[in-house]
Amino acid sequence: MTTIDSTALAEPQVMFSAAPDWGEVPPFAPPGRASPAQGNEGRCFWLSDTQICLTGDRPVWLSRIVSEVTSPDGLQAAATIDLDFDPAFERLTIHHVRVLRDGEVREVDVRLGLEIFRRERDLERARYDGRLTAHMAIPDIRVGDVVDLCHSIEGQNRVLGDRFAAAWALGWPTWMAETRVRLLHRAGRQLSLRSLAGAPQPRRSERPDGSVELVWLARDTAPITPEPDVPGWVAHYPTVRVTDVMSWADVADTFRGGYVTTAPLSNDLEAEVATISAASADPAVRAVMALRLVQSGLRYQAVNIGDGGFVPRPIDRIWASRSGDCKDASRLLAALMRRLGLEADTVLVNTWRGWVLNEEAPSLTAFDHCIVGLKLEGKRYWLDPTRFSQGGRLEVLHQSRFGWALPLVADAELEAMGDEPLIHVYEACERFDLPEQPDLPGGLTVRTTYRGWRADAMRRRIQNGVASLATEFVDYYDRVWGPVAALEPLAISDDLEENQIDVVERYSIGRGWEKGPDGAAAVFETFDDLFRPHLTAVRSSDRRSPIDLGLPRRVTVETEIHIPDGSSITAWARIFKAPGVEVRSKFVAEDERGLVTRLSRSVEVDRLWIGPEDAEQYFNLRDDAFRSASVFLTRPLKNGRFSPPSETTVGQDWRQILGWVARVGIISAMLGALHMCNSPPA
């Protein structure tokens with residue numbers, strides 16, 4: 001194995017050599033020309049081959065991709081090679097880059113154009129992992145060429161020791177001629193194997209050297225298009241998960257030594273503890289004060305270089321820098337709570353697959369987030385110190401629940417995090433005062449109450465600037481009923497203990513009336529800013545996956561329309577139900593003359609998702625809800641003005657001509673919903 005001279009390559013972690021002896025890398029010959037159906041964005045993929053060797057001191061992943069350029073659109077992707085690796089513990093080796101053209105094979109010396117970059121893909125999210133990218137450009141690539149790339153990466157983070165855990169897909173968004181995964185391990189090594197979404201079972205054989213070979217193979221696989229609105233734990237592609245046999249206690253023991261929370265605190269941290277202790281003797285109050293101290297006091301920054309991807313920094317360094325990631329913040333919060341006499345531990349969770357962790361084999365890579373678990377008076381609380389400073393006393397404060405959690409304690413087991421409570425997170429009352437003539441401005445008053453996680457999200461927006469928030473609101477309404485002008489500043493009240501925010505908005509609207517295209521009538525229409533933002537999954541003929549409904553919640557909007565001359569309407573009261581979802585729509589006149597009409601709408605979701613077997617009921621509910629989402633009120637015009645009663649046609653019901661005719665309509669929520677969301681902010 002030869003190493004590139006340091007003058008030509010600044011990073012000695014990149015090597016060049018032939019494939020290792022244990023690897024199976026035979027010459028590749030394409031079976032024929034790719035058909036149009038086999039191409040995707042200008043390329044056809046003939047082979048994805050992954051070989052993993054666990055028989056040496058460090059794991060080695062050998063990867064080989066063979067693709068054919070089928071159109072000019074594929075030239076750039078085929079000619080550009082970007083391989084990421086972590087120089088702290090991984091070594092990249094390039095085995096070969098070959099171009100097959102007209103039956104001949106050209107070996108490409110990519111060292112001539114090799115560049116090493118540190119791109120930090122999550123830089124805008126203040127996350128730094130120190131990974132490097134080996135960038136290589138293949139010269140003289142043409143349509144019809146077959147590019148054969150083979151490389152390997154050796155090593156893994158030392159925190160993981162010699163434990164193995166990995167997952168790989170055997171299906172792709174594009175057609176693939178052959179996908180193979182080959183795993184070599186020593187005899188006697190106990191591995192847990194799990195196949196998801198129809199992944200094939202492996203072929204097992206014993207090799208002459210005593211090692212064991214497992215091979216997964218998939219051929220001629222059609223492209224897979226993941227369904228939208230699917231929970232994060234769903235496997236879209238045929239997937240295999242493999243891990244060393246271990247217990248969840250083994251997982252916790254591997255990490256908990258780096259999360260010690262009993263070390264002495266610095267003087268300034270002790271001063272914070274003293275302040276909290278003096279403020280209240282109530283442990284629940286102390287817990288919330290400690291949480292807000294960390295949430296407001298730390299700037300999020302994740303430096304996951306080397307061991308930093310798994311182990312937090314020392315507590316004093318975290319507080320001195322006033323920055324840290326989820327591991328740092330959770331270790332700090334747990335230490336503060338322990339110092340305050342509270343029973344708190346750091347806890348590992350998975351924000352995507354946490355709801356099915358109890359069905360998976362324990363592994364060291366099963367988690368992607370860290371929070372704090374608090375036990376108080378027989379109750380369990382799950383607190384995320386990386387969230388923006390939250391409102392609410394402990395009983396109403398929104399908790400971070402991800403299905404199952406692993407506390408970093410001795411003899412640890414997975415712990416169910418409980419169900420998300422259903423609360424009334426959003427309640428809006430909007431009043432439209434419509435003008436007496438179509439060319440006059442109308443009025444709009446909106447009173448909105450935000451609770452729970454919606455209050456947390458709104459509080460963050462308010463603290464980022466009330467002026468910018470007010471401008472966003474005006475811009476939003478302006479696109480629907482513009483021109484819109486604020487009549488007074490936003491009135492905001494915040495009940496921090498109950499985690500409730502009330503906002504009052506008052507506007508003058510220029511398009512209370514919209515003249516029809518023929519000028520014979522004027523129309524006022526309400527806007528569906530409720531049903532469409534909360535019922536997002538679009539109908540499909542054969543739903544295969546669960547539908548993600550977002551967090552359990554109740555959201556309501558009352559639309560009150562004040563009409564100068566009264567109205568004649570057709571009232572309705574409708575309830576639509578599907579598993580997990582209930583929608584209500586009601587339209588009534590508040591008085592005999594119809595001077596005030598009211599449209600009441602609500603959506604209630606009592607679970608996180610529903611199964612595909614309930615999809616048709618959900619889609620039917622969605623269709624019915626959209627047909628009851630809004631009202632159109634029309635009034636005839638004559639010479640651009642509303643007609644007086646004396647000009648009505650004889651023989652017609654003057655109330656129908658002069659009054660308003662209310663009918664159900666569908667209005668596209670093209671702007672989204674400025675006030676709405678169905679999950680807390682990340």
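The questions and answers below go from the whole chain to single residues.

Author: This is a predicted model, in which local features need pLDDT of at least 70 and side-chain atom pairs count only at pLDDT 80 or more, while totals for chains, interfaces and linings use all residues. Residues are numbered from 1 along each chain as its sequence is written, and side-chain values use heavy atoms, with hydrogens and water left out.

Reader: How many helices and strands are there in the chain?

Author: Helices (H or I, at least four residues) and strands (E, at least two) are DSSP runs, numbered from the N terminus. By this count the chain has 11 helices and 41 strands.

Reader: What percentage of the residues of the chain count as buried?

Author: A residue is buried under 20% relative accessible area, exposed over 50% and partly exposed in between, with a 1.4 Å probe and protein chains only. The chain has 682 residues, and the part of them that counts as buried is 50%.

Reader: Which share of the contacts with a separation of 6 or more comes from residues 24 or more positions apart?

Author: A contact means heavy atoms within 4.5 Å. Among contacts in the chain with a separation of 6 or more, the share from residues 24 or more positions apart is 74%.

Reader: At what angle do helix H3 and helix H4 pack?

Author: Axes are lines fitted to C-alpha atoms, for helices over the stretch in contact, and angles run from 0 to 180 degrees between N-to-C directions. Helix H3 covers residues 267-279 and helix H4 residues 283-297; their axes are 9 Å apart, and the angle is about 145°.

Reader: Which residues of H3 and H4 make the contact, and how do they divide into nonpolar, polar and charged?

Author: H3 contributes Glu272, Ile276, Ser277 and Ala279, and H4 contributes Arg286, Met289, Ala290 and Leu293. Ala, Val, Leu, Ile, Met, Phe, Trp, Tyr, Cys and Pro count as nonpolar, Asp, Glu, Lys and Arg as charged, and the others, Gly among them, as polar. The division is therefore 5 nonpolar, 1 polar and 2 charged.

Reader: How is the aromatic pair of tyrosine 477 and tyrosine 507 arranged?

Author: Rings of Phe, Tyr and Trp (its six-membered ring) pair if their centres lie within 6.5 Å; planes under 30 degrees apart count as stacked, over 60 as edge-to-face and the rest as tilted. The whole structure holds 18 aromatic pairs. In the pair of tyrosine 477 and tyrosine 507, the centres are 5.0 Å apart and the planes are at 55°, so the arrangement is tilted.

Reader: Which parts of the chain does this pair tie together?

Author: Tyrosine 477 is buried at 4% relative accessibility, and tyrosine 507 is buried at 3%. Both belong to one aromatic cluster, which also includes Phe432 and Trp481. Because the two tyrosines lie 30 residues apart in sequence, the pair ties together helix H8 (residues 466-481) and strand E30 (residues 500-509).

Reader: Over which ring does arginine 635 lie?

Author: A charge sits over a ring if NZ of Lys or CZ of Arg is within 6 Å of the ring centre and within 35 degrees of the ring normal. Arginine 635 is in strand E39 (residues 630-638) and is buried, with a relative accessible area of 6%. At 4.3 Å from the ring centre, arginine 635 lies over the face of phenylalanine 642.

Reader: Where is the cis peptide bond that has omega of about 0°?

Author: Most residues other than glycine have a negative phi, and most peptide bonds are trans. Proline 483 is in the loop between H8 and strand E28 (484-486). The cis bond joins glycine 482 and proline 483.

Reader: Is glutamate 377 buried or exposed, and is asparagine 499 buried or exposed?

Author: Glutamate 377 has a positive phi near 50° and lies in the loop between strand E22 (369-376) and strand E23 (379-383). Asparagine 499 has a positive phi of about 55° and lies in the loop between strand E29 (491-495) and E30. At 72% relative accessible area glutamate 377 is exposed, whereas at 0% asparagine 499 is buried.
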